[in-house]
Amino acid sequence: MTDTGATTDNPFFARLWTFLSNHETKEIQRLRTENLAGLSGRVLEVGAGTGTNFAHYPATVTEVVAVEPEVRLAPQAQAAAQKAPVPVTVYAGTVEKYLSDAVGEPFDAVVCSLVLCSVDDPDSVLQQLFSLVRPGGELRFLEHVATGGIRGRLQKIADATVWPRLMGNCHTHRDTEASIVGAGFAVNDARLEPALPAWLPTPVAEYTIGRATKPAV
Ligand SMILES: C[S@@+](CC[C@H](N)C(=O)[O-])C[C@H]1O[C@@H](n2cnc3c(N)ncnc32)[C@H](O)[C@@H]1O
């Protein structure tokens with residue numbers, strides 16, 4: 001594991017995420033597998049958490065570089081990397097730091113799952129990720145997104161008050177697909193899935209799962 005000095009330390013969120021990622025429903029596991037299906041070559045995974053995605057990579061992936069800044073989660077990602085079916089290297093730092101340091105071959109794909117809600121500036125991060133993907137390469141995403149109506153209003157209030165502070169900078173009212181398109185990716189396929197039972201009064205409402213391509217030059 002590379003230690004970069006660009007880490008985060010959110011103890012409440014890290015403990016909660018450790019619990020949640022160890023008690024995932026079959027449905028979210030199915031979405032993770034779908035999100036990674038068919039990938040091949042070198043993959044950059046942004047914000048790997050405890051490394052829950054690693055077990056879902058297909059054998060056609062030759063290398064995963066997994067970026068994770070949270071001090072209590074990166075070691076868990078490292079432990080998951082050692083059991084993964086494909087080679088995984090963990091970079092213990094923020095994606096912003098990784099992007100400022102990045103050198104080497106472009107990636108065949110970038111994977112973002114439940115992370116673009118948490119970076120400070122998703123537009124800027126996506127633009128930089130775009131430049132790290134080879135022409136014709138892909139962005140795979142599984143992200144919770146903004147909704148309308150009463151829950152949309154709840155999302156705005158949550159984002160302006162306690163939610164980001166408690167949840168490791170998570171923001172619930174983001175139009176992530178617009179940011180993906182704004183960065184230059186062409187969204188080939190995306191759909192919404194319910195995130196949690198509709199009756200639960202949580203600001204997280206729906207996931208978008210999809211594939212986007214960097215146009216070949
Ligand atoms: C809700 S968790 C999702 C973890 C994982 N992607 C998954 O699907 O299980 C959000 C993750 O994004 C990470 N994160 C937050 N800000 C980040 C940043 N600036 N750069 C990289 N990762 C970040 C957090 O530390 C956390 O592990």
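**Strand, core, ligand and salt bridges**

Analyst: R211 sits in strand β8 (residues 206-213); helices (H or I, at least four residues) and strands (E, at least two) are DSSP runs, numbered from the N terminus. This is a predicted model, in which local features need pLDDT of at least 70 and side-chain atom pairs count only at pLDDT 80 or more, while totals for chains, interfaces and linings use all residues. Residues are numbered from 1 along each chain as its sequence is written, and side-chain values use heavy atoms, with hydrogens and water left out.

User: What is the distance between the C-alpha atoms of R211 and R191?

Analyst: R211 belongs to strand β8, and R191 to strand β7 (residues 186-194). Along the chain the two are 20 residues apart. Their C-alpha atoms are separated by 9.8 Å.

User: Is R211 buried or exposed, or in between?

Analyst: Buried means under 20% relative accessible area and exposed over 50%, with partly exposed in between (1.4 Å probe, protein chains only). Contact means heavy atoms within 4.5 Å, and R211 touches residues including E34, E138, F141 and D189, not counting residues up to four places away in sequence. The relative accessibility of R211 is 28%, so R211 counts as partly exposed.

User: Which residues does L129 touch?

Analyst: L129 is among the residues with the most contacts inside the largest core. Residues up to four places away in sequence are not counted here. On that basis L129 touches L44, V46, V95, L99, V110 and C112.

User: Which polar side-chain atom lies 2.8 Å from a nitrogen atom of the ligand, that is, from which residue?

Analyst: Around the ligand are 19 residues, of which R32, G47, E68, E96 and S113 come nearest; a residue is near a molecule if one of its heavy atoms lies within 4 Å of it. A backbone N or O atom of V95 lies 2.9 Å from a ligand nitrogen, and a polar backbone atom of G49 is 3.4 Å from a ligand oxygen. The polar side-chain atom at 2.8 Å from a ligand nitrogen belongs to E96.

User: What percentage of the ligand's accessible area does the protein cover?

Analyst: Accessible areas come from the Shrake-Rupley method with a 1.4 Å probe; for residues, only the protein chains shown count as cover. On its own the ligand has 590 Å² of accessible area. The protein covers 94%.

User: Why does the pair D9 and R72 tie together parts that are apart in sequence, and by how many residues?

Analyst: A salt bridge is a side-chain nitrogen of Lys or Arg within 4 Å of a carboxyl oxygen of Asp or Glu, and the structure holds ten. The side chains of D9 and R72 meet in one of these at 2.5 Å, N to O. D9 lies in the loop between β1 (2-3) and α1 (11-21) and R72 in the loop between β3 and α3 (74-83), so the parts tied together are apart in sequence by 63 residues.

User: Which residue forms a salt bridge with R32?

Analyst: R32 is one of the residues that come nearest to the ligand. R32 counts as buried at 3% relative accessibility. The closest N and O atoms of the pair are 2.6 Å apart, and the partner of R32 is E24.

User: Which residues are linked in a network of salt bridges?

Analyst: R191 and E34 form a salt bridge, their closest N and O atoms being 2.7 Å apart. R191 lies in strand β7 and E34 in helix α2 (residues 26-36), so the pair ties together parts that are 157 residues apart in sequence. The residues linked in the network are E27, R30, E34, R191 and E193.

How values were computed. Core = buried A, V, L, I, M, F, W, Y, C linked by side-chain atoms within 4.5 Å. Polar contact = N/O pair within 3.5 Å; in protein donor to acceptor, adjacent residues only side chain to side chain.
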